[in-house]
Amino acid sequence: MFAHCCWSQDAEEAENILRDFGGSAAAASSELVPSLAASLASAAARSGPGAPGFEVRGTLHVPPDFTVRSADSLDSARSRCVTLTNEEKAKEMQQLQIMIRDFVKEVLHGVLLDVVLEDGCLLPCRCSMDNRLTTVSLQVREIVRHIRLVDIQEICSGKELQNIHTTTPLDDLCVTFAMMNDQCVTFKFKTVAAREHFSTCMKVLRLACE
């Protein structure tokens, strides 16, 4: 299932994916509206306190040897790519494949993520993907919202968030999906490594849908 989705590229394209992780997002031309997060918050408010209404399997696991490859370390990432030998590049691609494979296993079952609301509060939701890895589903109580990967224009984190115009408060621990319909949804993580692990994996899956 996974091999045909992400790893049909030849070696040159695979190396390009590794290099492109450091690239910054294109600047948004208009303010992005976090209406999806608002609808999830409304569902939680109607249901009141209590059980989350779905099976929670835990938060995402971040590999202990994961290297942050965001815009925060763009220069060092690019310089490393120049100096890597073919054997080292092959090893990095193998590590990336293993990381994405494990990530896919987790999101197919569903994991707990925090969505950032307009007032800065965090809303726990169940994040999962379909078997074809083309759609992200966010669930709060009985309400489920679906995001097609092809509708995501940018996946931004770290310094890339400076290009985003939205009423949602953002910081260095956030990852924002900027959609083509001028909507967005933002997730917040506990560490930079967790942020970039999620962002990196989602960027690979997003590229695979093109």
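## Charged pairs

Arg101 is partly exposed, with a relative accessibility of 38%, and Asp102 is partly exposed too, at 32%. In this predicted model, their side chains form a salt bridge with an N to O distance of 3.4 Å. A second pair joins Asp151 and Arg148 at 2.9 Å, N to O. Here Asp151 has a relative accessible area of 26% and Arg148 one of 47%, and each counts as partly exposed.

Lys203 and Glu160 make another salt bridge, at 3.2 Å from N to O. Lys203 belongs to helix α6 (residues 192-208), while Glu160 sits in the loop between β5 (152-157) and β6 (174-179), so this bridge ties together parts 43 residues apart in sequence. Both of these residues are buried. Across the whole structure, five salt bridges are found.

## Overall fold

The protein chain has six helices and seven strands, in the order α-α-α-α-α-β-β-β-β-β-β-β-α from the N terminus. Among contacts with a separation of 6 or more, 65% link residues 24 or more positions apart.

Of the 210 residues, 47% are buried. The chain exposes about 10,600 Å², with 51% of that supplied by carbon and sulfur atoms.

## Nonpolar cores

The largest nonpolar core holds 40 residues, and Leu138, Phe177, Phe198 and Met202 touch the most other members. Helix α5 (residues 86-109) gives the most to this core, with seven residues. Beyond its neighbours within four places in sequence, Leu138 is in contact with residues including Leu36, Leu40, Ile143 and Phe187. Apart from this core lies another of eight residues, among them Val116, Cys156, Leu161 and Ala178.

How values were computed. Residues numbered from 1 in each chain as written. Predicted model: local features only at pLDDT ≥ 70, side-chain atom pairs only at ≥ 80, totals over all residues. Heavy atoms only, no water. Helix = DSSP H or I, 4+ residues; strand = E, 2+ residues; numbered from the N terminus. Buried < 20%, exposed > 50% of the residue type's maximum accessible area, 1.4 Å probe, protein only. Contact = heavy atoms within 4.5 Å. Areas by Shrake-Rupley, 256 points an atom, 1.4 Å probe, with all protein chains shown as cover. Core = buried A, V, L, I, M, F, W, Y, C linked by side-chain atoms within 4.5 Å. Salt bridge = Lys/Arg side-chain N within 4 Å of Asp/Glu carboxyl O.
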